[in-house]
Amino acid sequence: GVTFLAFGNGAPDIFSALVAFSDPRTAGLAFGALFGAGVLVTTVVAGGIAILRPFTAASRPFLRDIIFYMVAVFLTFTALYLGRVTLPWALGYLGLYVFYVITVVLCTWIYRWQRRRSLVYSMPGTPEMLSDSEEEPVSSNSYDYSEEYRPLLFYQETTAQILAHALNPLDYRKWRSKSVSWRALKVFKLPVEFLLLLTVPVVDPDKEDGNWKRPLNCLHLVTSPLVLVLTLQSGAYGVYEIGGLLPVWAVVVIAGTAVAAVTFFATSNSEPPRLHWLF
């Protein structure tokens, strides 16, 4: 949440700020865009989520994030007040973020350690049986409906069936239970979701198999780099011919197909490979 997701969310702000600072006449737009985005997230996004999906915020992490955010705003205000930004000042900004990430990691580690310790004291007879999955409180009203949808007879899916199911962005059970407006929005999103399934490999550590889909993950080795080279410089980079013989996209397809073939024949449908995390 404070590293990869934050970088992905802030990447457009980084590039727009670089472009704005390239010209002194538009440098003011950089600060306006950055603080405008910050205000939008803390007001419109947070308020919209509170209306659509009410939740209870964790008080201490929320207070910690607010304090760091206020410190960053105060540093920016001080720089604007002084009218100059020096190298130590800029490094101080980066150091503040590193300190923030370290603080989050340490707080999370301390919280989990205290929780495990309290659980061990409450259940002294079985300290070795405690796990992260057992630490979460389970409501007495909860029920695992997944048992009802398990097949009576076990059968092994073929490679083609695994690929077809993995590329299907529609959950038929959820489709039958949702409203007409949700279905209309889902139909609008289906093409985009299909393209994401076709190009973005997802490793899910919460699943037993890590979301390993052998045919789809092998297909990702071809489609993901192909989409990447056809996107760079509006496709001009992908059609560039190397030595006047082969275009870049053809080289990517050949190399990706070779790697995908090795991966396909070196793995199985039922068990994820040890290097699955590379996806």
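Reader: Which residue does Glu193 meet in a salt bridge?
Author: Side chains of opposite charge can pair when their charged atoms come close. For a salt bridge, a side-chain nitrogen of Lys or Arg has to be within 4 Å of a carboxyl oxygen of Asp or Glu. Here the N to O distance is 2.9 Å, and the partner of Glu193 is Lys186.

Reader: What pLDDT do side-chain atom pairs need to count?
Author: Some ground rules: residues are numbered from 1 along each chain as its sequence is written, and side-chain values use heavy atoms, with hydrogens and water left out. This is a predicted model, where totals for chains, interfaces and linings use all residues, local features need pLDDT of at least 70, and side-chain atom pairs count only at pLDDT 80 or more.

Reader: Back to Lys186: is it buried or exposed?
Author: Buried means under 20% relative accessible area, exposed means over 50%, and partly exposed is in between (1.4 Å probe, protein chains only). Lys186 has a relative accessible area of 11%, so this residue is buried.

Reader: How many salt bridges does the structure hold?
Author: Besides Glu193 with Lys186, there's Asp23 with Arg25, whose closest N and O atoms are 3.0 Å apart. Arg64 and Asp65 also pair up, at 3.2 Å from N to O. The count for the structure is three.

Reader: Which loop holds Asn211, the residue with a positive phi?
Author: Asn211 has a phi of about 65° although it isn't a glycine. To place it, you need the helices (DSSP runs of H or I, at least four residues) and strands (runs of E, at least two), numbered from the N terminus. Asn211 sits in the loop between α8 (180-199) and α9 (214-231).

Reader: How much space lies in the largest pocket?
Author: On a 1 Å grid over the protein atoms alone, a pocket is an open set of points where a 1.4 Å probe fits, with protein on both sides within 12 Å along at least five of seven lines. Points are joined across faces, edges and corners, and the volume is the space filled by probe spheres set on them. For the largest pocket, that gives about 2,700 Å³.

Reader: Which residues lie closest to the centre of that pocket?
Author: A lining residue has an atom within 4 Å of a grid point, and 47 residues line the largest pocket. The closest to its centre are Ala6, Asp13, Tyr69, Ala72 and Tyr97.

Reader: Which helix gives the most to the lining?
Author: Four helices each supply at least two residues: α1 (4-21), α2 (27-52), α3 (59-82) and α4 (87-122). The top contributor, with 12 residues, is α3.
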